[in-house]
Amino acid sequence: MNSVLSLPAKRPAPGVFLALALTLAIGWVVVAIDGGQLFNQATTVSLLHVAAGLGLVAVGQTLVILGGSLDLSVAYVISLSTLVAAETMHGSDAALLPAAGLVLAIAAGIGLVNGLLVTKLRINAFIATVGIGLLLKGYLDNGYDGPAGKTAPALVQSLGYQRVGPVPVSFLLLLAVAVAAWFAVTRTRFGHHLVAVGGDPEVARLSGVRNDRVLITAHVLCSLCAGLAGIYLASRLGSGAPRVGTEGLYDLESIAAVVLGGTALAGGRGGIAGTVGGVLLLASIDAIFNQLEVDAFFKQVIRGVVIIAAVAVYARRSLAKRNRSTV
């Protein structure tokens, strides 16, 4: 029992940070040859803003994937959150905190429903979260034709555009959330139970872990992270946007960042630090392609190749380790 409960999350895959360094080095050379400059303040700020939005979602996605689950409703939670935030604030600084509280409460409720569907009704996480996402999509499509509401000026100024040197406040928020999630995964009973459930739910159950409670908590935390991302995007846009989550592909992109960071989709292996590395890698590729003015279609092709290559490398390494352990 003690061995199961003390299972640590896997250290971040060093490969993602090596890939990040190589990507930035090669990108710097290519952009310089093209006559541009990759490491200027404008590009750095833009890269970190992209990383902030995606990173908040990816940190939450890491939690559910570590537990052997998945959340494909996050894109719609983001869109809904921007609208709830903007319409509640209605341009008033006085309504900032109530709006943020309402967004997080709604996001937590959606996460709770996802968790209950997965654990109590035993619905496959893919089906359950896609179903909830489609319900949210129906509400958004029926209720909104375009942007709505207006975010508070204080939120726009502080979270949306304020910086500490070249580092946006939003990226500092991401780092704070990532550190909190890392601590929860590596230093708390919940984190050890989460990894145990993702590794082998039956063994975890027999060891006294309350699997359902752990997975429900993970889904609530994932939706809360998506809600935070929605508040951030509302601050950048100045209003609510009913399609910002889906147009940004935050569901698939967050899963890609988690996988690039070395977390196994089957659960039980991975960590938050690796996910942050995966987020920075994807944001760096975007920044380089934007500097080179690469066609959007070709950009997605390259991103797909990078993700497939990373998964193939991790899969081969895992197979080699298993083979060595059986010898």
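**Notebook: a predicted chain**

I began with His90, which is exposed, with a relative accessible area of 64%. I noted the cut-offs: buried means under 20% relative accessible area, exposed over 50%, and partly exposed in between, with a 1.4 Å probe and protein chains only. The model is predicted, so I recorded that local features need pLDDT of at least 70, that side-chain atom pairs count only at pLDDT 80 or more, and that totals for chains, interfaces and linings use all residues. I also recorded that residues are numbered from 1 along each chain as its sequence is written, and that side-chain values use heavy atoms, with hydrogens and water left out.

**Entry on positive phi**

I located His90 in the loop between α4 and α5 (96–119). Its phi is near 50°, a positive value in a residue other than glycine. For background, I wrote down that most residues other than glycine have a negative phi. I then looked up Glu293, where phi is near 55°, again a positive value in a residue other than glycine. Glu293 is placed in the loop between α14 (272–292) and α15 (296–326). At 72% relative accessibility, Glu293 counts as exposed.

**Entry on the whole chain**

I found 15 helices and two strands in the chain. Helices (H or I, at least four residues) and strands (E, at least two) are DSSP runs, numbered from the N terminus. Does the radius of gyration point to a compact globule, or away from one? With 327 residues, a compact globule would have a radius near 20 Å, and the chain has 20 Å, which agrees. The radius is taken over C-alpha atoms, and the globule rule is 2.2 Å times the number of residues to the power 0.38. Along its principal axes, the C-alpha trace spans about 55 × 50 × 35 Å.

I noted that 50% of the 327 residues count as buried. Among contacts with a separation of 6 or more, 80% come from residues 24 or more positions apart; contact means heavy atoms within 4.5 Å.

**Entry on buried helix residues**

Which residues of α9 are buried? I listed Phe190, Gly191, His192, His193, Leu194, Val195, Ala196, Val197 and Gly198. Nine of the eleven residues of this helix (residues 189–199) are buried, so α9 is largely enclosed by the rest of the structure.

I next found Leu20 in helix α2 (residues 14–33). Leu20 counts as buried, at 12% relative accessibility. Leaving aside residues up to four places away in sequence, Leu20 touches Leu280, Leu281 and Ser284.

Tyr76 lies in helix α4 (residues 74–89) and is buried, with a relative accessible area of 15%. Not counting residues up to four places away in sequence, I saw that Tyr76 touches Gly133, Leu136, Lys137, Leu140 and Thr246. Tyr76 and Arg243 are 167 residues apart in sequence, yet 7.7 Å apart in space, C-alpha to C-alpha.

**Entry on aromatic rings**

How many aromatic pairs does the rule give? I recorded one aromatic pair. Tyr139 and Tyr144 form it edge-to-face, at 6.2 Å centre to centre and 75° between the planes. Rings of Phe, Tyr and Trp (its six-membered ring) pair if their centres lie within 6.5 Å; planes under 30 degrees apart count as stacked, over 60 as edge-to-face and the rest as tilted. Tyr139 counts as partly exposed at 47% relative accessibility, whereas Tyr144 counts as buried at 11%.
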